[in-house]
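Colleague: I am new to this structure and would like a close look at one part of it. Could you take me through the pockets and what surrounds them?

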Amino acid sequence: MVARIYKPTRTAMQSGNARTKLWVLDYEPEQPRLVEPLMGYTSSGDMNSQLRLRFDTKEEAVAYAERHGIAYQLQEPQEASRRRMAYSDNFSFRRIGQWTH
């Protein structure tokens, strides 16, 4: 039973930083999911795959895993590099390249 400790990234549909500030402890699946032949539902006998714990800091998540004897993998977050640009920069005289409609 291996757990993964990470800080979630925002989805492609998000423009804000909601739900990206907390650290998450998820268990890796021990069994593959099975497809139920009649209805097509997917199921698993692994109950830990339903468990997701959230922590304020990375140290709290690591301490929890060590206190309960859970093997874990720690994934450090990669900060996105964003270029700050104002809307008025589109109309600047120092702009490189043409701006036309």
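Modeller: By class, the residues that line the largest pocket are 3 nonpolar, 4 polar and 5 charged. Please keep in mind that this is a predicted model. You can find the lining in your viewer by picking out Lys7, Pro8, Thr9 and Arg10, then Asn17, Thr20 and Lys21, and finally Pro77, Gln78, Glu79, Ala80 and Arg82. The space in this largest pocket comes to about 360 Å³.

Now move to the second largest pocket, which has a volume of about 210 Å³. Its lining is made of 13 residues, and those that lie nearest its centre are Pro8, Arg19, Thr20, Arg52 and Arg54. Sorted by class, this second lining has 5 nonpolar, 4 polar and 4 charged residues.

You will find Arg19 in the loop that links strand E1 (2–6) with strand E2 (23–27). Its phi is near 60°, which is a positive value in a residue other than glycine. Is Arg19 buried or exposed? Arg19 counts as exposed, because its relative accessibility is 77% and the cut-off for exposed is over 50%.

From that loop, follow the chain into the strands on either side.

Finally, step back to the whole chain. It holds 1 helix and 6 strands, and from the N terminus on the order of the elements is β-β-β-β-β-α-β. The protein chain is more spread out than a compact globule, because its radius of gyration is 22 Å, well over the 13 Å that the globule rule gives for 101 residues. Along the principal axes, its C-alpha atoms fill a box of roughly 65 × 45 × 20 Å. Of the 101 residues, 17% count as buried. As for contacts with a separation of 6 or more, 53% of them are between residues 24 or more positions apart.

Technical notes:
Residues numbered from 1 in each chain as written. Predicted model: local features only at pLDDT ≥ 70, side-chain atom pairs only at ≥ 80, totals over all residues. Heavy atoms only, no water. 1 Å grid on protein atoms, 1.4 Å probe; cavity = no way out; pocket = protein on both sides within 12 Å on 5 of 7 lines; lining within 4 Å. Points joined across faces, edges and corners; volume = space filled by probe spheres on them. Nonpolar A, V, L, I, M, F, W, Y, C, P; charged D, E, K, R; others polar. Helix = DSSP H or I, 4+ residues; strand = E, 2+ residues; numbered from the N terminus. Buried < 20%, exposed > 50% of the residue type's maximum accessible area, 1.4 Å probe, protein only. Rg over C-alpha atoms; globule rule 2.2 N^0.38 Å. Contact = heavy atoms within 4.5 Å.
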